[in-house]
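Please keep the structure open beside you as you read.

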Amino acid sequence: MSLQMITVSNNMALIQPGFSLMNFDGQVFFFGQKGWPKRSCPTGVFHFDVKHNHLKLKPAVFSKDSCYLPPLRYPATCIFRSSFESEKQQYIIHGGKTPNNELSDKIYVMSVVGKNNKKVTFRCTEKDLVGDVPEARYGHSIDVVYSRGKSMGVLFGGRSYIPSAQRTTEKWNSVADCLPHVFLVDFEFGCSTSYILPELQDGLSFHVSIARNDTIYILGGHSLANNIRPANLYRIKVDLPLGSPAVSCTVLPGGISVSSAILTQTNNDEFVIVGGYQLENQKRMVCNIVSFEDNKIEIREMETPDWTPDIKHSKIWFGSNMGNGTVFLGIPGDNKQATSEAFYFYMLKCAEDDVNEDQKTLTNSQTSTEDPGDSTPFEDSEEFCFSAEACSFDGDDEFDTYNEDDEEDESETGYWITCCPTCDVDINTWVPFYSTELNKPAMIYCSHGDGHWVHAQCMDLEERTLIHLSEGSNKYYCNEHVKIARALQTPKRVLPLKKPPLKSLHKKGSGKIFTPAKKSFLRRLFD
C-alpha cells in the first residue's frame, strides 16, 4: 500500500460533504455539491482528474434528452449492468440529500453516451417505482444481484427524517433509523417489493455492502437506536426463479465493528476496507482484507499504510473509493494558522497500478452522513466531510466550460440566480425560506415576455400566496413587471346601452303628450 499527498488546483474547493465518486472505464467522476450547480458547471458532475499527484475538476456535460439530476449528497450508488456478462456499465443513484437539506426518494440511472479525447457526455434518466416504494433516506446501500439470467436491485438500511406530523421547528432535521426492511427493485419494470427478515433487527446505516452474483454481504454499520457499531456480518441471498423471488438471510461469524468505512476492490476475489470509526470518538486506523473462496468469506487485518502524523492526530477523516484499488482520503487542515489549507488530501493505493477492477463484482459503502455543522465533531457520520466555497476553473482546461452568457437553461439547471435588482439571496448560506419547500427553493415563474424565475423571498410573497399560485394555472408577474403587465391588459368590452328614439317618448294611445320639461328629464335618464 502506498500513500501519496495530493495537491489541489487554485479555487478547487468545490468538493462538498456527501460527495460520490463514480468510475466509468477507468475515468473517475465527482458528483454531489452542497448547493445547486453553479455557473461553472450546470450539471454538477465533474471529471475527477488526478495527474502527477495533482487534482483538477473538469466540468462534464449531459445529453439533451437527460432529466435534471440534483447534486445529491449522501446517496446510495452502485454499478448496474443489464446482465452478468454485459459490458455496458451504468450507475444507479438512489436517495440522498437535496440542496434544501431534504431527502430524495428518487432513482436515477446514469450512463455514458458519448466520449472523446476532450469530454464525456452522460445521459441521466429518472426511474419511477410502483409497489413498496422505499421512503426517502440517506446512509443506505443499493446493490445489484444476478440470478438465473435476471438482475435485481437490493436496497437496505439508512436514515430518514422523522414523520412530517412529528416534525417541529426544533426537530425539523431530526433523523431516525429506517426500518430493517430489504427492498428488491426491478429496474426494468420499475417494481419494488419489501421483505422482512427476522435476522435483521436494526435499520443499520453507513454499513459496508459487497454484492457477488446472487448474494450480498452486509458488514458493520451504525444504529441510532442504541448508538452501537455491532460486529455484524450478514449474508443476504436472492433467488430469482420464474415466479416470486426468494430472499433469505444468514448471520455469519467473524464480522467487524465499523461504520462509514471505504471499500475498494483489489482483485477478483479480494477487497480492502479503509477508514471508518469503531467508536463515536475514535477513528479506526486498521485496514482489513475481505477475501472470497468457494463461496466463503474471510476478513483479516492487513499491514496498515504509513499514516502521516497529520492523519494519525486528526479527529476526523473522509474520502471515497476511486475504483481500481484506490481510495481518496482527506483530513481537516490546521485552522490555527491563517494560511492553513481547509483540507489536506491523500491518495491511498491498495493495489498495483495494472490491476483492473473486476467488472462482475460490485461494491458499495456509505461514506458520509452529516455536515460538520449538523452534528457533534466525533460522530461517525462526519469522517467524509468537505467544506468548500464556490470554485472557478482554469481557462486552459481542455474540457468545455459553461458559457456565462448562456441564459437559456438557467431555469432548468440552477436556482442560484439574481432574480431582481434587489435580490439578496446568498448562494453560500441560503436555507429554505418556507416550510413547504421540500424539493427546490421557493421560486415562482414571472410570465412577462419570455418568462423568468424569481425568488418568492425577494418578491415578499406570503407562503399561502405562493401555495395558491403554485396550485393554479394563473399567470404571475414579479414586482418589476407587474405594472408593465397591467398596462398591456385589454379592458373588457362593455356593450353600449341602447338609447330609445325620441318618438318613443310619446306613448301611443295614451291620449297624453309629454311636456318639454318631462322630455328633457327622460333624455337625461336614458342617456
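## Aromatic rings and their partners

Phe30 and Phe46 are both buried (under 20% relative accessible area, with exposed being over 50% and partly exposed in between, using a 1.4 Å probe and protein chains only). This is a predicted model, where local features need pLDDT of at least 70, side-chain atom pairs count only at pLDDT 80 or more, and totals for chains, interfaces and linings use all residues. Residues are numbered from 1 along each chain as its sequence is written, and side-chain values use heavy atoms, leaving out hydrogens and water.

Rings of Phe, Tyr and Trp (its six-membered ring) pair if their centres lie within 6.5 Å; planes under 30 degrees apart are stacked, over 60 edge-to-face, and the rest tilted. That rule gives 15 aromatic pairs. The rings of Phe29 and Phe122 are edge-to-face because their planes meet at 85°, with centres 4.8 Å apart. Phe29 belongs to strand S3 (residues 27–31) and Phe122 to strand S10 (residues 120–127), so this pair ties together parts 93 residues apart in sequence. Strands (E, at least two residues) are DSSP runs, numbered from the N terminus. Both Phe29 and Phe122 are buried.

Phe30 and Phe46 have ring centres 6.0 Å apart and planes at 50°, so they are tilted. One aromatic cluster is formed by Phe24, Phe29, Phe62, Tyr91 and Phe122.

Charges can sit over rings too (NZ of Lys or CZ of Arg within 6 Å of the ring centre and within 35 degrees of the ring normal):

| Charged residue | Ring | Distance from ring centre |
|---|---|---|
| Lys97 | Tyr138 | 4.9 Å |
| Lys283 | Trp317 | 5.6 Å |

Note on methods: Helix = DSSP H or I, 4+ residues; strand = E, 2+ residues; numbered from the N terminus.
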